[in-house]
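Dear colleague,

Please find below the structure that I am handing over to you. My notes on it follow directly after.

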Amino acid sequence: MIAPSRTHTFDEPAPKKEPRQYNESETQKRVVHWLRQRPEWMVLRLENAAKRSMGAAARDKAMGMCTGAPDLILLYRNRLVWLELKSDKGKLSAEQRQCHAELRARAQTVIVGYGYDQTIAAMGALEHEWCR
């Protein structure tokens with residue numbers, strides 16, 4: 001005789017499996033992969049978050065680095081989109097909020113995506129809106 005499973009009984013719902021949590025770099029890789037499968041999207045990466053010495057940071061700032069700039073610049077057909085990626089529980093820094101506000105004040109589209117699924121949903125909604 002086979003003993004019944006102790007993980008769940010038929011009168012209780014099966015335990016929900018927690019979805020995998022991805023960090024920001026893993027999320028960004030997945031989003032870039034998704035974008036590269038679509039010829040109407042072009043993706044460019046901004047390098048702003050690396051740890052630097054004070055001298056290197058000053059040099060990079062003089063060369064155009066902007067603290068708080070979004071992670072990716074996207075072209076959807078002929079429209080510019082700035083994309084900031086966060087983990088599911090990530091938070092924007094004060095510098096990011098300021099930079100995004102400045103971009104929006106210049107009539108730029110800025111998307112902040114929290115996790116892969118939410119980011120892809122936002123991108124799909126934007127495609128739908130712009131294709132009407």
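Which residue in S4 is the bridge partner of Val-81? The partner is Thr-109. Please note that the model is a predicted one.

This bridge belongs to the pairing of strand S3 (residues 79-86) with strand S4 (residues 109-114); the two run parallel and are joined by six bridges. Between S3 and S4 the chain passes through helix H3 (residues 94-105), giving a β-α-β crossover that is right-handed.

As to confidence, the average pLDDT of the protein is 83, and 80% of the residues score at least 70. Residues 1-12 have a pLDDT below 50, and this stretch makes four contacts in the model beyond near neighbours in sequence. Where pLDDT is low, the predicted coordinates should not be read in detail.

Turning to the aromatic residues, the structure contains two aromatic pairs. Together with Trp-130, Trp-41 and Tyr-76 form one aromatic cluster.

A further contact with an aromatic ring concerns Arg-30: its charged end sits over the ring of Tyr-116, at 3.9 Å from the ring centre.

With kind regards

Methods: Residues are numbered from 1 along each chain as its sequence is written. This is a predicted model: local features need pLDDT of at least 70, side-chain atom pairs count only at pLDDT 80 or more; totals for chains, interfaces and linings use all residues. Side-chain values use heavy atoms; hydrogens and water are left out. pLDDT is the predictor's confidence in each residue, from 0 to 100. Contact means heavy atoms within 4.5 Å. Two strands pair if DSSP finds at least two bridges between them. Helices (H or I, at least four residues) and strands (E, at least two) are DSSP runs, numbered from the N terminus. A crossover is right-handed if, with the strands pointing away from the viewer, the path from the first strand over the helix to the second runs clockwise. Rings of Phe, Tyr and Trp (its six-membered ring) pair if their centres lie within 6.5 Å; planes under 30 degrees apart count as stacked, over 60 as edge-to-face and the rest as tilted. A charge sits over a ring if NZ of Lys or CZ of Arg is within 6 Å of the ring centre and within 35 degrees of the ring normal.
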